[in-house]
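Here is a short briefing on a sheet and on charged side-chain pairs. Please keep the structure open while reading.

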Amino acid sequence: MLKLFTRLNSVIWVTSRKFASTYTSFNICKRALPAFPYFRQEFLFRDLKTSATVRKEMEFEEAKNKYLKMDLKEKRASYNCKTSFVTLENIPTWTEYAVKVEKVLSSSEFKKEERLNGKVSIFVGDITALEIDAIVNAANNSLRGGGGVDGAIHRAAGKSLLAECITLKGCPTGEAKITGGYKLPAKYIIHTVGPVGEKPDLLKNCYLNSLNVAKENGLKTIAFPCISTGVYGYPNKNAAEVALKTVRGFLEKNEASIDRVIFCLFLAVDVEIYESLMQKYFPL
């Protein structure tokens with residue numbers, strides 16, 4: 001009798017535990033049911049967002065390849081600058097340009113190298129009009145466009161540039177990243193982020209990394225704007241010293257890698273500075 005009573009208690013206890021577990025699970029599911037539409041919407045939104053991102057990436061890749069493979073005559077018809085593009089043949093070398101420059105230095109610590117003098121140029125005008133391998137964009141860390149040269153390049157290249165820049169996920173100060181040139185005469189854009197304020201090492205990295213990116217991609221002609229001057233607060237003359245010294249050092253070690261480095265200037269103050277300092281770093 002005692003054994004029967006004990007067994008009965010055991011059955012009742014197990015049954016009650018199963019019922020409690022089932023009841024608890026039912027209540028959890030019941031409470032979770034209203035949330036299911038939210039999760040469905042959330043997953044659907046993520047899927048749509050992913051699809052849109054992939055679609056945009058495919059679109060800029062198609063546009064990039066189209067412009068890179070396009071016949072020159074056809075591509076020129078798509079330039080944002082229309083017929084105002086400037087070819088390399090129309091940009092004098094430093095040796096040619098210096099004929100009209102007042103001589104301000106009688107000697108220099110740098111050795112005279114005619115070969116190097118033929119690999120650098122001063123160009124006064126619009127960097128977005130240069131029909132060369134690559135122009136350098138003085139970008140911000142987001143790489144999503146901005147004011148000054150950055151904004152001008154994005155406007156001239158078209159919307160596909162921003163789509164590609166977004167995939168690069170920004171750029172640290174002093175580093176450099178490359179994109180297609182799209183509707184620009186230049187085949188590629190090398191984006192670099194200059195320092196805010198006078199930081200010579202970071203500014204040097206901007207020029208050096210941009211040149212290395214050009215070298216790695218087999219690009220022979222490259223144009224630089226004045227990086228970090230203006231709103232970024234780097235004194236114009238000091239910035240030019242860093243730029244010219246860095247380019248000189250790079251060309252001495254990589255002469256065969258680059259055919260021309262162009263310093264693209266806009267302000268009269270920068271023209272005066274470069275015409276003077278070029279005599280120091282690239283003596284005639």
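This is a predicted model: local features need pLDDT of at least 70, side-chain atom pairs count only at pLDDT 80 or more; totals for chains, interfaces and linings use all residues.

Residues are numbered from 1 along each chain as its sequence is written, and side-chain values use heavy atoms, with hydrogens and water left out.

**Sheet**

- Six strands make up an open sheet with mixed pairing, in the order S2-S8-S7-S4-S6-S5. Strands (E, at least two residues) and helices (H or I, at least four) are DSSP runs, numbered from the N terminus. Two strands pair if DSSP finds at least two bridges between them.
- Strand S2 (120-124) and strand S5 (176-180) are the edges; each has a single partner strand, so one side of each lacks a neighbour in the sheet.
- On average, neighbouring strands of this sheet are turned by 25° against each other, direction ignored. Axes are lines fitted to C-alpha atoms, for helices over the stretch in contact; angles run from 0 to 180 degrees between N-to-C directions.
- Strand S4 (residues 134-139) pairs with strand S6 (residues 188-193) in the parallel sense, over six bridges. Asn137 has His191 in S6 as its bridge partner.
- Helix H6 (residues 148-157) packs on the sheet and touches S4 and S6. Its direction makes about 130° with that of S4. Contact means heavy atoms within 4.5 Å.

**Salt bridge Arg76 to Glu131**

- The structure holds ten salt bridges. Each is a side-chain nitrogen of Lys or Arg within 4 Å of a carboxyl oxygen of Asp or Glu.
- Arg76 and Glu131 form one of them, with the closest N and O atoms 2.7 Å apart. The pair links distant parts of the chain, 55 residues apart: Arg76 is in helix H3 (residues 72-76), Glu131 in strand S3 (residues 130-131).
- Arg76 is partly exposed at 27% relative accessible area, whereas Glu131 is buried at 15%. Buried means under 20%, exposed over 50%, partly exposed in between (1.4 Å probe, protein chains only).

**Salt-bridge network**

- Arg115 and Glu255 meet in a salt bridge (2.7 Å, N to O). Arg115 lies in helix H5 (residues 114-117) and Glu255 in the loop between helix H9 (236-253) and strand S8 (260-265), so the pair ties together parts 140 residues apart in sequence.
- Glu255 is partly exposed, at 23% relative accessibility.
- Lys111 and Glu113 form a salt bridge, the closest N and O atoms being 3.9 Å apart. Lys111 is exposed at 60%; Glu113 is buried at 18%.
- Salt bridges that share partners join Lys111, Glu113, Arg115 and Glu255 into one network.
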